[in-house]
Amino acid sequence: MGKRLYVPTRAPDDWQRLLADPAKHWKPGYSARALATCWEAAQAWPPAIAAILASSPNHALAGAELLLAIPEYQVDLPPRGKPSQNDLFVLAKAADGQLIAATVEGKVNEPFGQTIAEWNAAGSPGKSARLRFIGEQLGLPPSKLPGDVRYQLLHRTTSALLLARRFNARYAVMLVHSFSPTAAWFADFQAFVGLFGVLATERNVLLPLAVCEGISLYTGWVMGDPAYLQA
């Protein structure tokens with residue numbers, strides 16, 4: 001999980017040094033900068049995030065209190081290899097007093113990276129073991145992990161579950177916070193949600209996916225304000 005000490009941010013630019021490629025990814029119109037500007041501007045939840053939580057049929061999530069948010073938070077996934085570097089990790093307290101562990105993936109026009117088939121093309125034992133681990137965590141057997149699903153959505157969601165266990169949280173949430181006016185790549189999100197037998201027909205709606213060893217897992221596509229693309 002990396003270091004356990006974190007320094008509070010003062011402005012969006014404090015997020016830049018944490019990026020995997022600070023020069024390449026920190027530009028107007030890109031998700032990293034839009035996400036940082038949006039979250040730094042909010043007193044607590046950005047309005048679009050508060051709205052999607054309020055959409056949940058679980059009223060405890062609608063009244064959630066944001067406790068902390070940490071940019072570029074790495075979550076180790078076995079076996080050894082690259083961790084999942086989440087754009088944002090959020091710890092919150094639900095209205096019922098239970099904790100919420102959430103990962104947030106910022107998007108504009110960037111795709112969700114490789115499909116499972118592309119990522120595991122070489123079929124290495126390490127990658128096969130990681131895919132099995134992810135499937136076990138999400139309750140998805142290998143037969144339910146088709147090659148055309150985006151690998152990034154799987155490990156970001158697994159990160160939320162692992163963080164929920166680490167912090168003894170009752171709820172795990174993976175949100176895509178998109179600033180694309182056209183909701184670019186929403187079809188990939190729909191395909192991912194479909195693995196759980198859930199239809200994602202609308203944006204800005206929190207969707208229950210599964211209950212994984214006592215943790216209620218949710219996801220949603222958040223339509224962020226495109227004005228942040230000019231920041």
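Predicted model: local features only at pLDDT ≥ 70, side-chain atom pairs only at ≥ 80, totals over all residues.
Okay, back to P79. When I say helix or strand, I mean DSSP runs numbered from the N terminus: H or I of at least four residues for helices, E of at least two for strands. A cis peptide bond joins P78 and P79, with omega at about -10°.

Now the whole chain. It has 8 helices and 6 strands, and along the sequence they go α-α-α-α-β-β-β-α-α-α-β-α-β-β. The radius of gyration is 17 Å, close to the 17 Å that the globule rule gives for 231 residues, so the chain is as compact as a globular protein of that length. That radius is taken over C-alpha atoms, and the rule is 2.2 Å times the number of residues to the power 0.38. The C-alpha atoms fill a box of roughly 45 × 40 × 40 Å along the principal axes.

How much of the chain is buried? Of the 231 residues, 49% count as buried. Buried means under 20% relative accessible area, exposed means over 50%, and partly exposed is in between, using a 1.4 Å probe and protein chains only.

D87 is buried yet has no salt bridge, and the nearest side chain of opposite charge, R156, is 4.8 Å away. A salt bridge needs a side-chain nitrogen of Lys or Arg within 4 Å of a carboxyl oxygen of Asp or Glu. For charge, Lys and Arg count as positive and Asp and Glu as negative, while His and the chain ends are not counted. What D87 does have is the backbone nitrogen of G106, 2.8 Å from a polar atom of its side chain. Leaving out residues up to four places away in sequence, D87 touches several others, including W15, L35 and V104. Touching, or contact, means heavy atoms within 4.5 Å.

Q85 is found in strand β2 too. Q85 and Q74 are 11 residues apart in sequence but 4.3 Å apart in space, C-alpha to C-alpha. The backbone oxygen of L18 lies 3.3 Å from a polar atom of the side chain of Q85.

Last stop, two asparagines. N168 is in the loop between α7 (151–166) and β4 (171–178), and at 65% relative accessibility it counts as exposed. N204 has a positive phi of about 60° and is not a glycine either. N204 lies in the loop between α8 (186–194) and β5 (207–212), and with a relative accessible area of 33%, N204 is partly exposed.

Definitions and conventions. Residues numbered from 1 in each chain as written. Heavy atoms only, no water. Polar contact = N/O pair within 3.5 Å; in protein donor to acceptor, adjacent residues only side chain to side chain.
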